[in-house]
Amino acid sequence: MLAPGSLGFLAPERCGDARRCLHDPELQERLDDVGLCRRPAAVFEQVAELTDGFDAIAADLGGTSSPEDYNSTYAEFTIIHSQPDFRRRAFELICSTLQPSIERYLIDYRPLVANFVNKPPGTGVVPAHQNFSVVDEAVERSVSVWVALVDCTMANGAMAMLDGSHRNLRGRRGMWAYQAFTGIEQEALDPLLTPVEVPAGHAVILDDALVHSSPPNLTQERRLAIQFVMVPAETPAYWFQQVGEDEAAIEVAVWEIEPQFFFDFWHGDGDERFAKPAGTMRVPNPVLELDGLLDLVAGGEAADPPAQRSDPPRRRGVRGLISKLLG
Ligand SMILES: O=C(O)CCC(=O)C(=O)O
């Protein structure tokens, strides 16, 4: 098996159980196991308020991102909107509208990033990635509460997940982290992913270390959703800023940050008025191949004979992946 530590991930034996996140034990078990949970009853009634609010901000500020501001092959994330005012207003709108309902599910989590993810028709690829790490993933977990503002299907670009991948791929991830997956053809990965179609107003909660992607929106209507990144209320949130690189590793400056850090954030550098230096580190930056990724995710279990698959609950995510591989 590849050694996760030498590849920049935290060695699994260094990771304890992450602090509990969800009030509901079944949802917690699912999050621990697969990396994502959903509850049919978690319907947010604020869809119109959020959609109208998004349109109102866009109308006030001259539209959503203009094509010269972002590559429209990809989804449009308001967290990197060309106008900091858009980011700030989106954050305030999402926090005031969603946070009270989300508190019913999460145990003492606070918002760090609030992001509208817009896919106009014909655009919106999100290649395989893990979200930025913003906590010490050895002992904690940040989550993205992802809320569909329209019915999200694979046709309009719903997400798909590599089940269980959050468990052995924990670490420090900044702007460079997407590179780990650039050596893997999306077409080779797609059959191994679990599609997550989500009706309007429903939410899923994912561990930010989970590998996921989403295809373009092939319909005639925009696909609008929210990614709301939440962190444990009692501990600092971090940003891992790339400040250099050599053949062996990325040089990283670590910052302890507040949400406003991201309102004036450009290509990996945030607003230092809302950050305190918290050390430096070097993080290896491998480009994985598909076999290597699956080996890491399975933690060397892929060779288990099928007869041994009566699974303790924490292993189901990996087993699900293995059965897809075998099937
Ligand atoms: O909305 C999407 O399609 C992708 C968003 C995403 O990657 C995320 O919320 O982590």
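Three strands each supply at least two residues of the shell around the ligand: S5 (143-148), S9 (212-214) and S10 (223-232). Strands here are DSSP runs of E with at least two residues, helices are runs of H or I with at least four, and both are numbered from the N terminus. Keep in mind that this is a predicted model, where local features need pLDDT of at least 70, side-chain atom pairs count only at pLDDT 80 or more, and totals for chains, interfaces and linings use all residues. Residues are numbered from 1 along each chain as its sequence is written.

So who sits around the ligand? Among the surrounding residues are Trp 146, Met 159, His 212 and Gln 227; a residue counts as near when its C-beta atom, placed from the backbone, lies within 6 Å. The shell divides into six nonpolar, six polar and no charged residues. For that tally, Ala, Val, Leu, Ile, Met, Phe, Trp, Tyr, Cys and Pro are nonpolar, Asp, Glu, Lys and Arg are charged, and the others, Gly among them, are polar.

Now follow S9 into its sheet. It belongs to an open sheet of four strands, ordered S4-S9-S6-S7 with antiparallel pairing. The edges are S4 (126-129) and S7 (194-196), each pairing on one side only. Two strands pair if DSSP finds at least two bridges between them, and S6 (159-161) and S9 pair over two bridges. Across that pairing, Met 161 stands opposite His 212 in S9.

Elsewhere, Glu 289 lies in the loop between strand S13 (275-283) and helix H6 (290-298). The C-alpha atoms of Glu 289 and Glu 185 are separated by 9.0 Å, though the two are 104 residues apart along the chain.
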